[in-house]
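Dear colleague,

Please find below the sequence and the structure that I am handing over to you. My findings follow directly after them.

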Amino acid sequence: MDFVLTSLVEILSHFGHKRAVPAWGEYSPDWDLIKCVEAKLDAFRVPMDAGASPELKAAFAHLDDVLKGKGDPLPVFRDALVSCRRGYERAKTVQQKVDFTKLMVMIGFFVGCECPGNGTPSTSQLVEGRNRAEAAVCQLLEEELVLQAFEVEENMRSPDYSMMDRHKVLKDVKLIMTTIDTLPPTRPTSFLHKQLNNGINVYHVLRKKSQSKVLKGHGSGAVSALAVGENGVLFSGSFDKSIRVWNDKGPGVGFEIVQILKGHNDSVEALVVDEEGVLFSGSLDMSIRVWAVEEFSPGTYACIQKLRGHRSGVTCLAVSIGGVLFSGTIDSTIRVWSRMENSTKKNCYECVQVLSGHTSKICSLAIHWSDVLFSASFDYSIRVWRIHDPGTDYECDQILQGHGDCVNHLAVDESGALFSGSSDKTIRVWLRKGFLKQMAIHSYECVRVLKGNQEVSCLLACLDGMLYSGSFDGTVQVWCAEDSYDYKSIQSLRGHNGLVPCLVTTKKGMLISGSFDDSIRLWFDLF
């Protein structure tokens, strides 16, 4: 669709060269309609879902006629506007309606002020042009899914309305609103700013910072680990050697501590929950504890096993879909734990393998399905481990190099893409490419390097294509990939006063962060 937008820019440039555009007098002495609109249209160069619709093709066919000098421009612009309106009514997706609205804002302004035409538009013509442009936006803001994009509470949004969808809508609406601001006459109290039926001020929503709620419960202990279990239960581990269990009591109440799990003799560094709801905790006391809901006390957790074997503190955990547990430690080894088949006790684990290869502390573990394990280390490397045949041990297939400092955290998305965050202030995106015949394995290669301003302490890759990264300075960066893992930082969440070592999301999509400032933050109204 880029060629179509290019044509429209050429149309505007054509009129700009053909006739000098006079200033708009009292409204803005230096304001130039052609240059202003041309700049905004250039900003509209995005893929359009409505590209295949006959109405959009008809609209641009009219614009192409203007470019070629066929007839009086004003009637042709009116025809293009009619095509856009018809296409808007028939559009099946919100994004299509947004795309048509972009064009109706621009073309509607031209038609309303009768420009390009002869002479300078009068005040009444400028007002009519702006009113037409605003009317197009007001129509868009009445769409249900567009209104939901502005909702702060997740339970007010459609279950199928992903954060990626919301980001795209808000981004486009903000772009349109910015364009409206450039159209004369300037009216800071424009009715458009208060048009939303639910009373939300558009500018307030688009410009305000994300809101967060703070959870305090660990006293003076830094929050070092988070995990989300069944029914939205939140677990938090701390330097205070305890694990707190939080239940979401619903709107108006929020999360409350319902249980404190004790037993570790040092900082709790890692938490993970398996598909059956069993909680595993790893500590610097060199042990791993297995916690399960008590049979005769629903909702209450008890330690059912204590796993020992590591010779140094446990720093990270991961569990596969099949229930295999992996633990990484300061001594650079990884242990593989499997359920004991002949045990009379449920969820009883034993160590079946020790993986060696890294030369420094294991910082993070991540799993893709049940056959590929990734490990990150202070030795600047990432190792890929895989079971080649059922029943065999894990072996290192590949060593991923590229980071210039410690690799602090790993995350894997649904497609199997691997993300690695490092103290070198970058995030690398790795994809499985090619096939090494001599080793009968797939290899991974770095396809993107995302650069930031701070050391990356943790990562979270979500199902809706969003990526979140915690930093040493206490901020959380929100990343969005619009095409081929080309992630861009779209927001910086501020509130913590210490390093952010852990991030999770609830089933409702709420982002939760833990920090060394002894707090947990629940983030609302992202983007």
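S457 is located in strand β22, which spans residues 456-461. Please bear in mind that the model is predicted. The relative accessible area of S457 is 8%, under the limit of 20%, so this residue counts as buried.

Leaving aside residues up to four places away in sequence, S457 is in contact with N408 and H409, with G470, S471 and F472, and with L499, V500 and P501. One of these residues, S471, also places its backbone nitrogen 3.3 Å from a polar atom of the S457 side chain. As for L410, its C-alpha is 9.8 Å from that of S457 in space, while 47 residues separate the two in sequence.

Helix α4 covers residues 73-90 and helix α5 covers residues 94-112; their axes come within 9 Å and cross at roughly 155°. Because this angle is over 145 degrees, α4 is roughly antiparallel to α5. The crossing in which α4 passes α5 is left-handed.

On the α4 side, the residues that meet α5 are L74, F77, R78, A80, L81, C84, R85, G87, Y88 and E89. Their counterparts in α5 are K97, F100, T101, L103, M104, I107, G108, F110 and V111. Sorted by class, the residues of this contact comprise twelve nonpolar, three polar and four charged ones.

Yours sincerely

Technical notes:
Residues numbered from 1 in each chain as written. Predicted model: local features only at pLDDT ≥ 70, side-chain atom pairs only at ≥ 80, totals over all residues. Heavy atoms only, no water. Axes fitted to C-alpha atoms, helices over the stretch in contact; angles between N-to-C directions. Helix = DSSP H or I, 4+ residues; strand = E, 2+ residues; numbered from the N terminus. Parallel < 35°, antiparallel > 145°, perpendicular 65-115°, else oblique. Left-handed = near helix turned anticlockwise from the far one by under 90°. Contact = heavy atoms within 4.5 Å. Nonpolar A, V, L, I, M, F, W, Y, C, P; charged D, E, K, R; others polar. Buried < 20%, exposed > 50% of the residue type's maximum accessible area, 1.4 Å probe, protein only. Polar contact = N/O pair within 3.5 Å; in protein donor to acceptor, adjacent residues only side chain to side chain.
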